[in-house]
Amino acid sequence: MQVFNLEEKNSILNKFIAEVRDVKMQSDKMRFRRNIERIGEILGYELSKTLIYKETSVISPLGVSKISLLDEELVICSILRAGLPLHNGLLNYFDNAENSFISAYRHHSSKTEFEIKVEYLASPSLEGKTLILADPMLATGLSFINVFNALKAMGTPKNIHLVSVIGSKQGIETLQKELPDHVKLWIATVDNDLDEHGYIVPGLGDAGDLCFGTKLQH
Ligand SMILES: O=P(O)(O)OC[C@H]1O[C@H](OP(=O)(O)OP(=O)(O)O)[C@H](O)[C@@H]1O
Ligand SMILES: O=c1cc[nH]c(=O)[nH]1
Ligand SMILES: [Mg+2]
């Protein structure tokens, strides 16, 4: 897996990362969701530079302009719940993409032990297409791996891009071991630690709850 960590170069992205981490700003849920969406827009723009383009002619009122436009069948798949604002950010730029939604949640057998449950999948065929798989948090990496395996039933994509906001070093190492070499990861920032509950430290907390509110454990 190839990793593109956008924090390696300072940009306006830093402001959005700072705001999603900031415990005081997190009380403004609308701003939190919009910042995740803005980060999705930037990650999408960066990955768009690696896609395939085809020269096209555009007729303006005064003449003809040649321009290269995206020439790939894209499918954006997001992992519910927290993937939704990131999905919207990607879709803001890749406006002709097809869309998939898949659920993944942590089912806890104790305070520190959990397995990932994948229960819902709505997707077009992925055969021969470019798949963009979005989830803002890459903690242990188990959600991405379980979802990656569940999506195999939808066909074999030509290219696969994972898009995430905050990753842990450990989670990225796990993905490096478990996912094929051709997969690319686009990530806004990487943290060093995971706590005993599998939360990224310093991270930002629970992205799903910050977007949409707390949920009952079941
Ligand atoms: O890398 P992992 O250790 O698998 O953890 C990351 C997962 O945790 C979060 O989802 P969560 O299970 O909290 O579900 P939610 O979006 O419904 O809150 C996040 O959105 C990822 O899907
Ligand atoms: O740090 C983490 C880990 C899992 N899920 C989150 O939302 N945050
Ligand atoms: Mg959550």
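Helices (H or I, at least four residues) and strands (E, at least two) are DSSP runs, numbered from the N terminus. Two strands pair if DSSP finds at least two bridges between them. The model is predicted: local features need pLDDT of at least 70, side-chain atom pairs count only at pLDDT 80 or more, and totals for chains, interfaces and linings use all residues. Residues are numbered from 1 along each chain as its sequence is written, with chains lettered from A and ligands numbered from 1 in the order in which they are written.

A hairpin of two residues links strand E2 to E3. E2 (residues 53–60) and E3 (residues 63–70) run antiparallel and are joined by eight bridges. Ile59 faces Val64 of E3. Burial was assigned from C-beta atoms placed from the backbone: a residue is buried with 20 or more other C-beta atoms within 10 Å of its own, exposed with 12 or fewer, and partly exposed in between. None of the eight residues of E2 is buried, so the strand lies largely in the open.

Helix H2 spans residues 29–48. The expected span is 1.5 Å times one less than the number of residues. Buried residues of H2 include Phe32, Ile36, Ile39, Leu43 and Leu47. An α-helix has 3.6 residues a turn, so residues three or four places apart point the same way. The cover over the buried residues of H2 includes helices H1 (13–21), H3 (83–93) and H6 (207–212). Strands E9 (130–134), E11 (159–168) and E12 (184–191) also contribute. Contact here means C-beta atoms, placed from the backbone, within 7 Å.

Helix H4 (residues 142–150) contains Phe148. Phe148 is buried, because 21 other C-beta atoms lie within 10 Å. Phe148 and Glu46 are 102 residues apart in sequence and 22 Å apart in space, C-alpha to C-alpha.

Two ligand shells were examined, a residue being near if its C-beta atom, placed from the backbone, lies within 6 Å. Around ligand 1 there are 21 residues, of which Ala82, Ala139, Thr140, Ser143 and Gly208 come nearest. E6 (105–108), E10 (137–138), H4 and H6 each supply at least two residues of this shell. The shell around ligand 1 has 11 nonpolar, six polar and four charged residues. The residues around ligand 2 include Met137, Tyr199, Ile200 and Asp206. Nonpolar means Ala, Val, Leu, Ile, Met, Phe, Trp, Tyr, Cys and Pro; charged means Asp, Glu, Lys and Arg; the others, Gly among them, are polar.

Note on methods
Two residues are in contact if their C-beta atoms, placed from the backbone, lie within 7 Å.
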